[in-house]
Amino acid sequence: MGNAISNQVRELRDQHGRMTQQALAERVGVSRQTIIAIEQGRYSPSLEVAMKIARAFDAAVEEVFELRV
Amino acid sequence: MNLSFNEKSAIGTLVAITAIGALYFHSAWQMWQAGVLQPQTNFGLATGLTILLVVVLIAYHILIAIISRPEDDDERDRLIAWRAGNAGGLVLGVGVIGVVLHVLIGSFWDDPVAASPVLIVNALMAVVFAATAFELVLTLVFYRRGV
């Protein structure tokens with residue numbers, strides 16, 4: 001399945017004290033499997049989840065997610 | 001391979017319905033060949049194997065719930081269930097219409113399926129099994145390949 005949206009979630013986790021996938025999942029309110037799928041580009045989250053992820057990193061959504069043209 | 005509770009559930013359910021479905025249709029076919037497949041015997045066979053399927057699925061889900069703590073479904077789980085369910089529903093609809101058309105058209109000549117309520121029931125059950133198996137396979141594909 002193609003995914004037109006790339007993201008920096010893994011890099012941002014590393015930059016934020018090696019935040020674990022589980023910790024991010026709990027802050028965002030999704031399963032760890034979903035965080036893994038997002039990092040691997042197998043799932044594009046909803047706008048709500050994308051904004052929650054960005055908020056967890058104190059970043060803007062476009063700093064975390066990018067539309068690949 | 002790191003599998004979620006939902007993936008383990010889909011794998012176990014797929015294996016169970018494939019195995020018990022094969023057992024059911026193999027038994028029904030043998031009874032048909034022997035000329036003993038009547039509505040009563042078919043009902044008994046279907047009821048017995050449905051109970052077996054339910055018991056197997058309950059035991060399996062208790063086991064995987066103990067091994068891997070189930071999590072609440074999130075938006076990805078719901079999207080996968082919705083897409084796989086839609087595709088499974090499409091297979092079910094096409095299959096049921098196919099059986100109905102077969103019965104209608106087959107009634108113009110001596111088609112055995114059209115003439116036998118037991119065979120019609122089994123054709124519809126085959127459609128249900130196929131649609132369920134397709135939905136479960138798609139669920140696993142969506143979890144592994146992306147949705």
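Which residues have the most contacts inside the largest nonpolar core, and how many residues does that core have?

Guide: First, some ground rules. This is a predicted model: local features need pLDDT of at least 70, side-chain atom pairs count only at pLDDT 80 or more, and totals for chains, interfaces and linings use all residues. Residues are numbered from 1 along each chain as its sequence is written, chains are lettered from A and ligands numbered from 1 in the order in which they are written, and side-chain values use heavy atoms, with hydrogens and water left out.

Now the core. The largest nonpolar core has 27 residues. Those with the most contacts inside it are A:Val9, A:Leu24, A:Ile53, A:Phe57, A:Val64 and A:Phe65. A nonpolar core is a set of buried Ala, Val, Leu, Ile, Met, Phe, Trp, Tyr and Cys residues joined through side-chain atoms within 4.5 Å. Buried means under 20% relative accessible area, exposed over 50%, and partly exposed in between (1.4 Å probe, protein chains only).

Which elements build it? Two or more residues each come from α1 (9-15), α2 (21-28), α3 (32-39) and α4 (47-56) of chain A, together with α3 (75-106) and α5 (117-145) of chain B. Helices here are DSSP runs (H or I, at least four residues), numbered from the N terminus. α4(A) gives the largest share of this core, five residues.

Take A:Val9. Leaving aside neighbours within four places in sequence, A:Val9 is in contact (heavy atoms within 4.5 Å) with A:Leu24, A:Ile38, A:Glu39, A:Ile53, A:Phe57, A:Val64 and A:Phe65.

Next, one of the chain B helices. α5(B) has 29 residues. From its first C-alpha to its last, α5(B) reaches 41 Å, close to the 42 Å expected at 1.5 Å a residue. That expected span is 1.5 Å times one less than the number of residues. Just after α5(B), B:Gly146 takes a positive phi of about 115°.

Then the two chains together. 13 residues of chain A are in contact with 16 residues of chain B. The chains bury about 1,300 Å² between them, 43% of it on carbon and sulfur atoms. Buried area is the accessible area (1.4 Å probe) that two parts lose on being put together, summed over both. On the side of chain A that touches chain B, α3(A) gives the most, with four residues.
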